[in-house]
Structure formats: structure tokens, C-alpha cells
Amino acid sequence: MNALNQSAEPLARTYHLQIVLGVCETALLRQIKIGSLPKPDIGGTRRVIQWRLSSLRRFNPALAAKVARVLEFARENQP
């Protein structure tokens, strides 16, 4: 088990949110800074920024549902 994810809860990275929102990394980081997205649960540098799905769900249930679908797709299509 990953040290960053000690629970079974899925973690979303910046690129998962970029896919859902259709924005680049710079725009995503700007949205975090102005409060349009929640602060990450893990990290804070560009190398490691992750949100718990439950945190996204509290902030915006519709966004969390879309991210959950992306995470599920990624999990099912791992090499």
C-alpha cells in the first residue's frame, strides 16, 4: 500500500481534474489559488498534488462523480 494512500479511498491527481475540467495545469492551479477548487489533501507542490475523492465530493458532488469515472477508467485500463 502506498504511503500517501493509507486508506482504500481513491486519490485524484492534477491530471485527473484537468481531464474532467478540460484545463491546463496552470489554469487548474489558478483555480485552486482563487478558491474555485479545494486545496489539495496531499502535497502542495506541482510534483505531488492529490485530493481524496471524499474531499472533492464535499466541495462539488458533480465534479467528484466525474473524477470517480475517470479514476475507474484508469484503474480498469492499467497495463
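Does Arg 69 count as buried or exposed?

A: Arg 69 counts as exposed, with 55% relative accessibility. The cut-offs are simple: buried is under 20% relative accessible area, exposed is over 50%, and partly exposed lies in between (1.4 Å probe, protein chains only). Keep in mind that this is a predicted model, in which local features need pLDDT of at least 70, side-chain atom pairs need 80 or more, and totals for chains, interfaces and linings use all residues. Residues are numbered from 1 along each chain as its sequence is written, and side-chain values use heavy atoms, without hydrogens or water.

Arg 69 is found in helix α4. Helices here are DSSP runs of H or I with at least four residues, strands are E runs of at least two, and both are numbered from the N terminus. The C-alpha atoms of Arg 69 and Val 20 are separated by 9.5 Å. Along the chain, those two residues are 49 apart.

Now turn to Val 67. This residue also belongs to helix α4. Val 67 has a relative accessible area of 0%, so it is buried. Which residues does Val 67 touch, once its neighbours within four places in sequence are left aside? They are Ala 12, Leu 17, Val 20, Leu 53 and Leu 56. Contact means heavy atoms within 4.5 Å. Val 67 also sits 9.7 Å from Gln 18, C-alpha to C-alpha. In sequence, Val 67 and Gln 18 are 49 residues apart.

Next comes the partner helix. Helix α4 covers residues 61-76, and helix α1 covers residues 14-21. Their axes come within 9 Å and cross at roughly 115°. Because of that angle, α1 is roughly perpendicular to α4. Axes are lines fitted to C-alpha atoms, for helices over the stretch in contact, and angles between N-to-C directions run from 0 to 180 degrees. Under 35 degrees is roughly parallel, over 145 roughly antiparallel, 65 to 115 roughly perpendicular, and the rest oblique. The crossing of α1 and α4 is right-handed.

Nonpolar covers Ala, Val, Leu, Ile, Met, Phe, Trp, Tyr, Cys and Pro; charged covers Asp, Glu, Lys and Arg; the others, Gly among them, are polar.

Helix α1 has another helical partner to look at. α1 and α2 pack at about 95°, with axes 10 Å apart. They are therefore roughly perpendicular to each other. Thr 14, Leu 17, Gln 18 and Leu 21 of α1 meet Glu 25, Leu 28 and Gln 31 of α2. This contact holds three nonpolar, three polar and one charged residues.

What is buried in α1? Thr 14, His 16, Leu 17 and Gln 18 are. These buried residues pack against β1 (11-13), α2 (25-34), β3 (49-52), α3 (53-59) and α4. After α1 comes Gly 22, with a positive phi near 70°.

Strand β3 holds Arg 52. At 31% relative accessibility, Arg 52 is partly exposed.

Finally, step back. The protein chain has four helices and three strands. From the N terminus, the order is β-α-α-β-β-α-α. Of the 79 residues, 30% count as buried. Among contacts with a separation of 6 or more, 45% join residues 24 or more positions apart.

Note on methods. A crossing is left-handed if the near helix is turned anticlockwise from the far one by less than a right angle, and right-handed if clockwise.
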